Amino acid sequence: MIDRHKKKVLGRESRHRRIRAKVSGTAERPRLCVFRSATHIYAQVIDDVTGRTLVSGDDRQIDAKKVSEGKGEGGRGGKTAMAYAVGMEIAEKAKKSGISQVVFDRNGFAYSGRVAALGQGARDGGLVF
């Protein structure tokens, strides 16, 4: 019998495979891939044609100043505010690299909470999904 945690992970991996069958990043419109762990959130902008990561960021690189800026909007606090700040940071790095449009890959996670906050931060930072 599969335990509860393993069942959740297998379900997410199944959703991820379904999404990746339809979503692919190109040089003109790379893929913004999000991974959410229990404590951290990571994001990468990937060109799937060449297999290269163009831009990456996570909440371990964000300083407290950026988190406090995004905290007031939408009642975000804690990890959700950190995810919003990561989205803003990714958008800023992508703009510097000349990337303005991306395809959002939620990686099998539900588009709510921290994943949605990261997406909204990237949109507010100037990326077009």
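1. In which sense do β2 and β3 pair, and over how many bridges? The pairing of β2 and β3 is antiparallel and runs over six bridges. The model is a predicted one. Within this pair, aspartate 47 stands opposite arginine 52 of β3. Four residues separate the two strands of the hairpin, and glycine 51 there has a positive phi near 75°.

2. One of the bridge pairs is phenylalanine 35 with tyrosine 42, the latter in β2. Five of the seven residues of β2 are buried, so the strand is mostly covered, taking under 20% relative accessible area as the cut-off for buried.

3. The whole sheet is open and has four strands in the order β3-β2-β1-β4, with mixed pairing. Its edge strands are β3 and β4, each of which pairs on one side only. On average, neighbouring strands are turned by 20° against each other, direction ignored. The parallel part is between β1 and β4, which are joined by three bridges. Leucine 32 has phenylalanine 104 in β4 as its bridge partner.

4. Two helices pack on this sheet. α3 touches β1, β2 and β3, and its direction makes about 145° with that of β3. α4 touches β1, β2 and β4, and the angle between its direction and that of β1 is about 145°.

5. α3 covers residues 79-96, which is 18 residues. From first to last C-alpha the helix reaches 26 Å, close to the 26 Å expected at 1.5 Å a residue. Its buried residues include Ala81, Tyr84, Val86, Gly87, Glu89 and Ile90. Glycine 98 follows the helix and has a positive phi, near 85°.

6. Which residues touch the most other members of the largest nonpolar core? They are Leu32, Val45, Val86, Ile90, Leu118 and Leu127, out of 25 residues in that core. β1, β2, α3 and α4 are the elements that give two or more residues to the core. The largest share, eight residues, comes from α3. In soluble globular proteins, nonpolar side chains tend to be buried together.

7. Isoleucine 90 gives a local view of the packing. Neighbours within four places in sequence aside, isoleucine 90 is in contact with Leu32, Ala43, Val45, Val55, Ser56, Gly57 and Leu127.

8. Isoleucine 62 sits in the loop between β3 and α2. Is this residue buried or exposed? Isoleucine 62 counts as buried because its relative accessibility is 12%. Not counting residues up to four places away in sequence, isoleucine 62 touches Val67, Met82, Ala85, Val86 and Glu89.

9. The whole structure has five salt bridges. In one of them, the side chains of aspartate 48 and arginine 31 meet at 2.9 Å, N to O. This pair links distant parts of the chain, with aspartate 48 in the loop between β2 and β3 and arginine 31 in strand β1, 17 residues apart. Aspartate 48 counts as partly exposed at 23% relative accessibility, whereas arginine 31 counts as buried at 6%.

10. Arginine 31 also meets aspartate 105 in a salt bridge, at 2.8 Å from N to O. Arginine 31 is in strand β1 and aspartate 105 in strand β4, so the pair ties together parts that are 74 residues apart in sequence. Both arginine 31 and aspartate 105 are buried.

11. Glutamate 92 is partly exposed at 37% relative accessibility, and lysine 96 is exposed at 70%. Elsewhere, salt bridges that share partners join Arg20, Arg31, Asp48 and Asp105 into one network.

Terms used:
Residues numbered from 1 in each chain as written. Predicted model: local features only at pLDDT ≥ 70, side-chain atom pairs only at ≥ 80, totals over all residues. Heavy atoms only, no water. Expected span 1.5 Å × (residues − 1). Buried < 20%, exposed > 50% of the residue type's maximum accessible area, 1.4 Å probe, protein only. Core = buried A, V, L, I, M, F, W, Y, C linked by side-chain atoms within 4.5 Å. Contact = heavy atoms within 4.5 Å. Salt bridge = Lys/Arg side-chain N within 4 Å of Asp/Glu carboxyl O. Pairing = 2+ DSSP bridges. Axes fitted to C-alpha atoms, helices over the stretch in contact; angles between N-to-C directions.
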